[in-house]
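User: I would like to learn how to read contacts, cores, pockets and strand pairing from a structural model. Could we work through them in turn?

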Amino acid sequence: MNSPVLSIKKVSKSFPVGGGSTKIAVDRVSLTVPQGQFVTVIGSNGAGKSTLLNLVAGRYIPDTGTISLNGTDITNLSEHRRAAFIGRVFQDPLQGTAASMTIEENLSMAESRGLRRTLRRGVTKERRARFRELLAVLGLGLEDRLRSEVGLLSGGQRQSLSLLMATMTKPSLLLLDEHTAALDPKTAQQVVALTERIVREYGLTTLMVTHNLEQALRLGDRTIMMHEGKIVLDLSGQVRQTMTVADLLAEFTRVRGESLVDDRLLLA
Amino acid sequence: MNWYALSGSIEQGLAYGILALGVYLTFRVLSFADLTVEGSFPLGAAVAATLIVNGAHPLTATSVAVLAGMAAGSMTALLHTKMRITGLLAGILTMTSLYSINLRIMGRPNVPLLREPTVFKQLVQLGFDHPYQSLIVFTVLAVLIKLLIDWFLSTEIGLSMRATGDNQTMIRSLGVSTDLMIVMGLAFSNGLVALAGALIAQYQGYADVGMGLGTIVSGLASVILGNALIRPTTVFRATLGVLTGSVLYRLAIFYALRAGFAPTDLRIVTAAIVVLALAAPTIRESLNQRRVRWRLRRMELEGDELARVEHQESV
């Protein structure tokens, strides 16, 4: 049997919150994502969604537990090394691109993902031709602006470019951290549509954090809900298909209510 | 003014232009304010001079000086990336240590080279004897190094280095070790600075432990002045600006001296040049705004005048 693309086993991470105490951001989370699955991750603020993504990306190293990618343990692999296999798009459109560099230079750096960087010219004729094709798919006219500085682009254009840069080498895993949250509704919709198309076309294994419940249910094959650092709901298949946003909201309230009860019990 | 003095300024501008190109690499490309320069410049001079005095070939001595500068730059970079010391402080620490190291290397504060072979005297021996010899040498070298940097910054590694100065989150997420880029960038930069130190020591005929004083400001002045005059839309223009800035800076110093400033006043003149170059966009904008306001007021006054005239006529 093939090993799953992503396998998270009992991973925990806490952060100091001052006064000598710590807050557990991710609490003994286990999650297995098979090849080609598109998972949406929901949960309220501080539920641990972004921390989980950052643990997988390597920005944080877990306190306990292991993370494997394609069967290889990457728990202690540095962020830039695992980036060879993991594409990422951030919430802030400014984070995914280098503003002072041109579109083709940005794409060229993404094209080198997973390869040893050499003293060969970064932007070559062959690469430029490929960039033009890739950009044409976006339908934003960027294929004619290869030598424009990325800083001149709008937020939506930059985020589309980031998405392209995260996916153009078909990484093993794609991490999307609320990548449409900072965009206006119309642009957000376009970027979502683009995301869906690219993920489907390349068959990318994807983890997408979102605040939009409708989006969480409509996109992808599986939805997990996090609360206080734990996965409290894991939906897929038939159950997920019949799920409505209202059901999900009810589930949210139930989970929160339960935790309130827990707190009361603890206090009592 | 006489051409001899002018060509001297240009010569110095290009020689220190090599240093300014090094400062450009850290300050502009990596967005790293690197003060190592004040130590790696005399380090280059000290290593080259000491080796030459001890019988090494000037070219060998200069090459070793470059390596020493690269080591100094790497030191600062490692302090910053591995020990998590602020870039500014890391540079200050290396610079301070280098003062002691330079004195150790030379064994005394000053090493004269007047009777020693230098790269310039070697060229004379090879038959390249020309009144503008050093001007030509520095022009060729500065331009070659400029082109080398242009080329390097367009390679895959060069792009990664530029991205490290622009957006570390992004370039790490694409699989580049930003720590490695900072080490490489600072090594490259301080290698150039030490090269400038080694060449200038041979050109002026001595190495002095105090010759690093003020180099960072003159380097920054050249970079900022150059970028203010030639908008750095591409790397090619940016490095061209740095060399132009360096020459203009030396000319400004030359004129300042002629205008009656004492050599001891040069630091404040330099600071004033940097402030002017940095403030130029802001000053320009506020002048523009004031001009618009004046015009509006004049239009209002003229309008009032017109209204009064019309009123009188109607009466």
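User: Which residues is Leu79(B) in contact with, leaving aside its neighbours within four places in sequence?

Analyst: A contact is read from heavy atoms within 4.5 Å. In this predicted model, Leu79(B) is in contact with Arg84(B), Ile85(B), Ala90(B), Leu93(B) and Thr94(B), once neighbours within four places in sequence are set aside. Leu79(B) itself lies in helix H3 of chain B, which covers residues 58–81.

User: Does Leu79(B) count as buried or exposed?

Analyst: The class follows from relative accessible area, with buried meaning under 20%. Leu79(B) counts as buried because its relative accessibility is 17%. As for distance, the C-alpha atoms of Leu79(B) and Ile230(B) are separated by 34 Å, and the two residues are 151 residues apart along the chain.

User: Which residues touch the most other members of the largest nonpolar core?

Analyst: A core is read as a set of buried nonpolar residues joined through side-chain atoms. The largest one here has 103 residues, and those touching the most other members are Ile103(A), Leu107(A), Met109(A), Leu135(A), Tyr24(B) and Ile149(B). Helix H9 of chain B, residues 178–204, gives the most to this core, namely 13 residues. A separate, second core has 26 residues, among them Val11(A), Val56(A), Leu69(A) and Met226(A).

User: What does Leu107(A) touch?

Analyst: Apart from residues up to four places away in sequence, Leu107(A) touches Phe131(A), Leu135(A), Leu161(A), Leu164(A), Met165(A) and Met168(A). Leu135(A) is also one of the residues that touch the most other members of the largest core.

User: What is the volume of the largest pocket, and which residues are closest to its centre?

Analyst: A pocket is an open set of grid points, read through its volume and its lining. The largest pocket holds about 870 Å³ of space. It is lined by 30 residues, and Glu105(A), Arg162(B), Thr233(B), Thr234(B) and Val235(B) are the closest to its centre. Both chains contribute: helix H3 (103–111) of chain A and helices H1 (3–29), H7 (156–166) and H11 (235–258) of chain B each supply at least two lining residues. H7(B) has the largest share, four residues. By class, the lining has 10 nonpolar, nine polar and 11 charged residues.

User: How many cavities of 30 Å³ or more does the search find?

Analyst: In a cavity, the probe fits but cannot get out. The search of the whole structure finds one of 30 Å³ or more, and the largest cavity contains about 50 Å³ of space. Its lining consists of Arg88(A), Gly96(A), Arg113(A), Ser162(A), Met165(A), Ala166(A), Ser173(B) and Leu174(B). Helix H5 of chain A, residues 155–167, gives the most, with three residues.

User: Finally, in what sense do strands S1 and S4 of chain A pair?

Analyst: Pairing is read from the bridges between two strands. S1 (residues 6–18) and S4 (residues 64–69) of chain A pair in the antiparallel sense over five bridges, and Ser7(A) has Ser68(A) in S4(A) as its bridge partner. S4(A) also runs antiparallel to strand S5 of chain A, residues 72–73, with two bridges joining them. There, Ser68(A) stands opposite Asp73(A). S4(A) and S5(A) form a hairpin with two residues between them, and Asn70(A) in the turn has a positive phi of about 50 degrees.

Methods: Residues numbered from 1 in each chain as written. Chains lettered and ligands numbered in written order. Predicted model: local features only at pLDDT ≥ 70, side-chain atom pairs only at ≥ 80, totals over all residues. Heavy atoms only, no water. Core = buried A, V, L, I, M, F, W, Y, C linked by side-chain atoms within 4.5 Å. Buried < 20%, exposed > 50% of the residue type's maximum accessible area, 1.4 Å probe, protein only. 1 Å grid on protein atoms, 1.4 Å probe; cavity = no way out; pocket = protein on both sides within 12 Å on 5 of 7 lines; lining within 4 Å. Points joined across faces, edges and corners; volume = space filled by probe spheres on them. Nonpolar A, V, L, I, M, F, W, Y, C, P; charged D, E, K, R; others polar.
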